[in-house]
Amino acid sequence: MTLIKKLASVLALSVLAVAPAAAQYPDHAINLIVPWAAGGGTDATGRIIATLLEKELGQPINVINRTGGGGIVGHTEIAYAPADGYTLGVITTELSMYHWTGVSPLNYTNYEPLALFNADPEAVYVRTDGPDIDALLAQIRANPGSVKASGANLGGMAHLGWAGVLVTNDIDPSAAPWVPSEGASASLQLLASGAITVVTTTMPDAQPMVDAGEVKPLIVAANARVPSAPDLPTAEEALGNKWAAYAWRGIGAPKGLPDDVKVRLTEALDKVVNSTEFAEFMAQRKFGIDYRDAAGFEAFMEDADASIGQALKAVGLAK
């Protein structure tokens with residue numbers, strides 16, 4: 001019996017020695033869902049995050065553009081994917097608006113926040129041969145409906161930015177109708193073609209077309225002038241009425257990530273967003289960096305949900 005017991009013990013140890021260890025996250029490719037079309041600012045920033053995150057995690061990261069419904073299709077896919085760390089997504093400002101405008105029940109509580117990495121103010125653009133801001137507003141007052149605007153989805157941050165400019169200057173937003181699109185890139189193409197008169201979007205999104213001489217900014221809806229465009233007046237400076245509207249982007253995952261996976265991702269994102277490579281990319285494209293860790297991003301989204309809800313109610317866009 002003693003010999004049998006010894007043989008059993010040796011066999012057990014042998015089995016343990018050859019048994020595979022539990023896989024360490026990540027052990028295969030990760031998908032990063034971008035809820036907006038290729039070519040826009042969310043796509044560009046999502047791709048640089050993916051490139052740098054690959055180096056930190058040691059696995060490929062596939063960027064997938066899931067467009068439709070003003071970002072709802074992509075945001076929904078992020079929220080309802082398996083919470084295993086292999087589906088991440090770029091969460092954008094519009095998430096703070098969906099439930100207020102009645103287009104989707106999604107809100108920040110549907111996600112595991114990982115890191116905020118960007119915030120930029122909205123600016124108002126016209127074609128390079130277009131009017132200045134005073135002439136533009138005068139045209140809207142004189143001929144309601146003659147000016148059409150765009151920037152992204154109905155009820156999104158770009159729409160709110162434009163509606164705020166109108167409301168703070170005693171103009172009904174319906175006097176300059178909003179044309180929904182799948183993002184800034186599509187809207188700017190409409191503007192360049194003459195199909196619409198105005199685009200409200202962030203400055204980095206419009207910069208390539210500004211550089212190409214196709215569009216020009218009139219005002220920026222910021223609390224202060226933007227360092228990258230010091231000659232561009234704020235809405236308050238140009239029109240005498242205070243108004244600011246900022247778009248933001250962060251990385252999130254489905255709610256319920258395992259603790260070890262969340263720690264691994266947040267540590268990697270901390271290195272990525274604070275890296276020299278990321279800073280250089282963002283500066284070159286004139287994107288603003290606003291970094292918050294997981295806890296900071298969650299608090300930020302909670303505040304954004306409340307403040308944007310108040311703004312939407314003020315301009316009559318909330319249900």
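**Stop 1: the whole chain.** Colour by pLDDT. The chain mean is 91, and 93% of the residues reach 70 or more.

**Stop 2: residues 3-21.** Select this stretch. Its pLDDT stays under 50. The model gives residues 3-21 0 contacts beyond four places in sequence. Where pLDDT is low, predicted coordinates should not be read in detail.

**Stop 3: strand S6.** Select residues 198-202. Of the 5 residues in S6, 5 are buried, so the strand is largely enclosed by the rest of the structure.

**Stop 4: the partners of S6.** S4 pairs with S6 in the antiparallel sense, over 4 bridges. For a landmark, pick Tyr125, which stands opposite Val199 in S6.

**Stop 5: Glu122.** Which side chain of opposite charge is nearest to Glu122? Arg249 is, at 7.7 Å. A salt bridge needs a nitrogen-to-oxygen distance within 4 Å. Glu122 has no salt bridge, yet this residue is buried.

**Stop 6: around Glu122.** Show the contacts of Glu122, leaving aside neighbours within four places in sequence. Thr200, Thr201 and Thr202 are among them. Then pick out Met157 and Ala158. Val220 and Ala221 also touch Glu122. Ala245 and Ala247 complete the set.

Terms used: Residues numbered from 1 in each chain as written. Predicted model: local features only at pLDDT ≥ 70, side-chain atom pairs only at ≥ 80, totals over all residues. Heavy atoms only, no water. Buried < 20%, exposed > 50% of the residue type's maximum accessible area, 1.4 Å probe, protein only. Lys, Arg positive; Asp, Glu negative; His and termini not counted. Contact = heavy atoms within 4.5 Å. pLDDT = per-residue confidence, 0-100. Helix = DSSP H or I, 4+ residues; strand = E, 2+ residues; numbered from the N terminus. Pairing = 2+ DSSP bridges.
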